[in-house]
Amino acid sequence: MNTPTPSDSVQNERLILLILAGIQFTHILDFMIMMPLGPQLIRVLAIDTNQFGLLLSSYTFTAAASGLLAATYIDRFDRRKLMLTLYTLFIIATLCCGLAPNFTLLLVARALAGAFGGILGAMVQTMVADLIPFERRGRAMGTVMAAFALSTVAGVPLGLLLTNHMPMLGWRAPFFFIVALSCVILIVAYRQLPNLTAHLERPRLGNVFEQIYAVAKEPNHLKAFLFVGLMMMAGFTVIPYIALYMTTNVGMPESFLTVVYLCGGAATFFTSRLIGRLADKYGKLRTFRWVACASFIPVLVTTHLVPVPWWVVLINSTVFFILVPGRMVPGMAMITGAAAPQIRGTFMSLSASVQMMTSGLATLVAGLIIRQGSAGQVLHFNLVGYLAVACGLLSLLVAGKLKVAASPPP
């Protein structure tokens with residue numbers, strides 16, 4: 001028998017990371033791709049803006065709730081089997097979105113997609129932490145977060161592109177595209193993902209509810225939840241309103257938004273992995289502080305922009321999408337090291353719920369701050385920028401108090 005070489009191990013590790021990144025990409029894309037479909041859905045389904053907002057928020061709220069529910073079972077099963085099962089259910093729910101004949105069934109399908117998609121995010125991060133040693137986890141999280149960032153910034157232009165170039169399918173086209181792509185990833189994942197059962201052999205903290213309580217109340221875990229919540233608040237107070245602000249206040253045409261998101265997505269695809277390598281080389285905390293502090297500049301510029309040449313807008317927006325999601329790379333690498341392996345799935349499920357709830361809260365709070373003037377322009381967006389920077393500064397403080405330790409091998 002041939003003995004696996006270190007290079008074989010590294011190549012296999014890269015393949016697994018690409019599979020996990022693909023899963024991360026599709027479930028985040030499923031959420032983001034809804035945003036440009038508003039006009040068509042409102043017209044075709046005869047709904048109002050409040051109902052469209054419900055379609056968006058239903059995904060977030062069920063994702064947060066399912067993360068809490070997943071904490072009761074996620075550490076009780078083989079990671080591979082659970083991942084494949086959840087991903088299959090996510091694909092079925094997304095297919096139902098594309099086939100939904102009316103608003104009510106689409107709302108139910110979106111809620112189910114959020115329920116399964118929300119757990120997938122926690123499972124991806126848990127499997128990365130189980131498979132990748134801490135000293136290389138920054139680069140690994142960089143690969144996964146590159147998929148996260150790419151889906152975040154590519155969702156809007158991809159949704160518009162598919163809808164406009166497939167008029168027979170209309171708003172359904174993006175969902176069918178995600179289903180087709182996810183099926184390919186599912187087949188590869190079934191063949192390549194390894195069984196992960198080492199966490200089942202370690203002693204537990206009593207029954208499932210005692211374990212959840214023990215995980216939730218641990219002081220270092222509470223700091224980690226606060227840390228991830230502040231990171232989400234520092235980004236999602238601003239991100240959902242960038243497109244509106246650019247078109248109404250900066251004077252950019254809607255067609256230019258596609259260029260903005262495509263350039264941002266292309267840049268983050270490469271820089272997220274670079275930031276991950278820097279985190280492994282210079283330390284997760286140190287790299288997080290560098291990137292987070294640098295991100296305050298494009299945040300403040302974005303929320304204070306006035307009519308300027310298009311190239312100024314494009315440079316700033318690209319830097320924004322590099323740094324704001326980029327700080328999540330070392331940040332999430334730190335969070336994965338905050339819990340012991342035998343409870344990591346429970347911890348990451350609770351963390352995913354915190355992410356979803358605080359991202360929704362951030363959008364809600366920012367929506368209460370901003371106003372639209374008589375000419376349609378966005379008012380008080382500068383205050384949202386100050387709030388985002390304040391949350392970012394607090395995240396720097398909490399990050400320094402977070403205890404992070406390399407996990408022992410499984």
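A: We can begin with handedness. A crossing is left-handed if the near helix is turned anticlockwise from the far one by less than a right angle, and right-handed if clockwise. The model here is predicted, and in it H12 passes H13 in a left-handed crossing.

Q: Which residues of H12 and H13 make the contact?

A: H12 contributes Val-291, Ala-294, Ser-295, Pro-298, Val-299, Val-301 and Thr-302. From H13 come Asn-316, Val-319, Phe-320 and Leu-323. By class, eight residues of this contact are nonpolar, three are polar and none is charged.

Q: What angle and what distance describe the packing of helix H12 and helix H13?

A: Two packed helices are described by the angle between their axes and the distance between the axes. For helix H12 (residues 284-304) and helix H13 (residues 310-323), the angle is about 145° and the axes are 9 Å apart.

Q: Is Ala-21 buried or exposed?

A: Buried means under 20% relative accessible area. Ala-21 has a relative accessible area of 8%, so Ala-21 is buried. Ala-21 lies in helix H1 (residues 6-32).

Q: Which residues does Ala-21 touch, not counting those up to four places away in sequence?

A: They are Thr-143, Val-144 and Ala-147. Between Ala-21 and Thr-143 there are two separations to read: 122 residues in sequence, and 6.6 Å in space, C-alpha to C-alpha.

Q: Is Asn-249 buried or exposed?

A: Asn-249 is buried, because its relative accessible area is 18% and the cut-off is under 20%. Asn-249 belongs to helix H10 (residues 242-250), and its side chain forms a polar contact of 2.8 Å with that of Thr-248.

Terms used
Residues are numbered from 1 along each chain as its sequence is written. This is a predicted model: local features need pLDDT of at least 70, side-chain atom pairs count only at pLDDT 80 or more; totals for chains, interfaces and linings use all residues. Side-chain values use heavy atoms; hydrogens and water are left out. Helices (H or I, at least four residues) and strands (E, at least two) are DSSP runs, numbered from the N terminus. Buried means under 20% relative accessible area, exposed over 50%, partly exposed in between (1.4 Å probe, protein chains only). A polar contact is a pair of N or O atoms within 3.5 Å; within protein, one must be able to donate a hydrogen and the other to accept it, and residues adjacent in sequence count only if both atoms are side-chain atoms. Axes are lines fitted to C-alpha atoms, for helices over the stretch in contact, and angles run from 0 to 180 degrees between N-to-C directions. Contact means heavy atoms within 4.5 Å. Ala, Val, Leu, Ile, Met, Phe, Trp, Tyr, Cys and Pro count as nonpolar, Asp, Glu, Lys and Arg as charged, and the others, Gly among them, as polar.
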